[in-house]
Amino acid sequence: MRLSIDHRTVYRFSEPQSRLVQMLRMTPENSHDQTVARWRIDVDCDAKMRRGRDGFGNAITMLYCEGPIADIEIAVRGEVLTSHSDGVVRGVTEVLPPAVYLRATDATPRDPAIAAFAAEVAAGANGPIGTLHRMNRAFNARFGVDRARPEPGLSAADAFGRPVATSRDLAQMFVVAARSLDIPARYVSGYSIVEGSLRPTPHGWAEAHVDGLGWVGFDPCTGRSPQEESVRVSAALDASGAAPVAGSRLGEGEEELDVAVKVSAAQ
């Protein structure tokens, strides 16, 4: 499948900023099951950009802008060719051992309620891969999908008590559940057409490490593994570690954020 992606992020500041430094995790990479046909990042101000990798091995672009800056738009456009993989992740950069992804974070804390849910779902399952697929379907059945922008700072433990959840929250709950079963798991940020062509954030899902298979993707929004409808961009312990934009600013005042992501099957 050829997926066309348009991702626009606009920051507006109540007072001009003297300097901006941003880390952009907005660039997908070639792997066994996705090929980047074209990709570009544009910024509507005088800026310096430098490519590199973060501690999880994700491709990053460091963005440096000198002020005064009243607003800034970051526009990402491209096309990616994807293929069916049964959810198995192959040909991506791995710099950390799977055991690192057993660690809890503030956003993905150890939680008794999620652990009990995972244990109940896992009972009678056919091995780790059977457990993970069953758990993926169980999260999909338990929660309605909220397609709004995720609530800042909401942890997986708090999200578990609600009737609906965003893709970010579902993925982080899945990560906590898998780790409670001693299965390494991580959060993935990317693009997908499964939630419609236009949405206020990139899509999020999870990956879990299975002995003999490696990393396998699971998307609780659909209850199945991500396939050719998804483009993988970055992975980390939780959503904040895989955030498309993170950084700092030098200046007073408030900031307003507007994000629009459009994903479609290219003709």
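**View 1. Contact between helices α1 and α2 in the predicted model.** In this predicted model, F117, A118, V121 and A122 of α1 meet T131, R134, M135, A138, F139 and R142 of α2. Sorted by class, the contact of α1 with α2 comprises 7 nonpolar, 1 polar and 2 charged residues. The axes of α1, which covers residues 112-122, and α2, which covers residues 127-142, come within 9 Å and cross at roughly 120 degrees, which means that α1 is oblique to α2. The crossing of these two helices, α1 and α2, is right-handed.

**View 2. The largest nonpolar core.** This core has 30 residues, and those with the most contacts inside it are L132, M135, F139, M173 and F174. At least two residues each are supplied to this core by α1, α2, α3 (156-159), α4 (167-180), β9 (203-210) and β10 (214-218), and α4 gives the most, with 7 residues. Apart from this core lies another one, of 24 residues, with W39, I41, I69 and I74 among them. In soluble globular proteins, nonpolar side chains tend to be buried together.

**View 3. Surroundings of M173.** When its neighbours within four places in sequence are left aside, M173 is in contact with I114, F139, F143, A156, A159, F160 and A165. Both M173 and F139 are listed with the residues that have the most contacts inside the largest nonpolar core.

**View 4. I129 in helix α2.** I129, which is found in helix α2, has a relative accessibility of 28% and therefore counts as partly exposed. Not counting residues up to four places away in sequence, I129 touches V210, L213, V216 and F218. The C-alpha atom of I129 is separated by 33 Å from that of A266, a residue 137 residues apart from I129 along the chain.

**View 5. The cis peptide bond at P68.** The peptide bond that runs from G67 to P68 is cis, and its omega is near 5 degrees. P68 itself is found in strand β4, which covers residues 59-82.

**View 6. Positive phi at D86 and at D182.** D86, a residue other than glycine, has a positive phi, near 60 degrees, and its place is in the loop between β4 and α1. Because its relative accessibility is 53%, D86 counts as exposed. D182, although not a glycine, has a positive phi of about 65 degrees, and its place is in the loop between α4 and β7 (185-192). With a relative accessibility of 59%, D182 counts as exposed.

Notes:
Residues numbered from 1 in each chain as written. Predicted model: local features only at pLDDT ≥ 70, side-chain atom pairs only at ≥ 80, totals over all residues. Heavy atoms only, no water. Axes fitted to C-alpha atoms, helices over the stretch in contact; angles between N-to-C directions. Helix = DSSP H or I, 4+ residues; strand = E, 2+ residues; numbered from the N terminus. Parallel < 35°, antiparallel > 145°, perpendicular 65-115°, else oblique. Left-handed = near helix turned anticlockwise from the far one by under 90°. Contact = heavy atoms within 4.5 Å. Nonpolar A, V, L, I, M, F, W, Y, C, P; charged D, E, K, R; others polar. Core = buried A, V, L, I, M, F, W, Y, C linked by side-chain atoms within 4.5 Å. Buried < 20%, exposed > 50% of the residue type's maximum accessible area, 1.4 Å probe, protein only.
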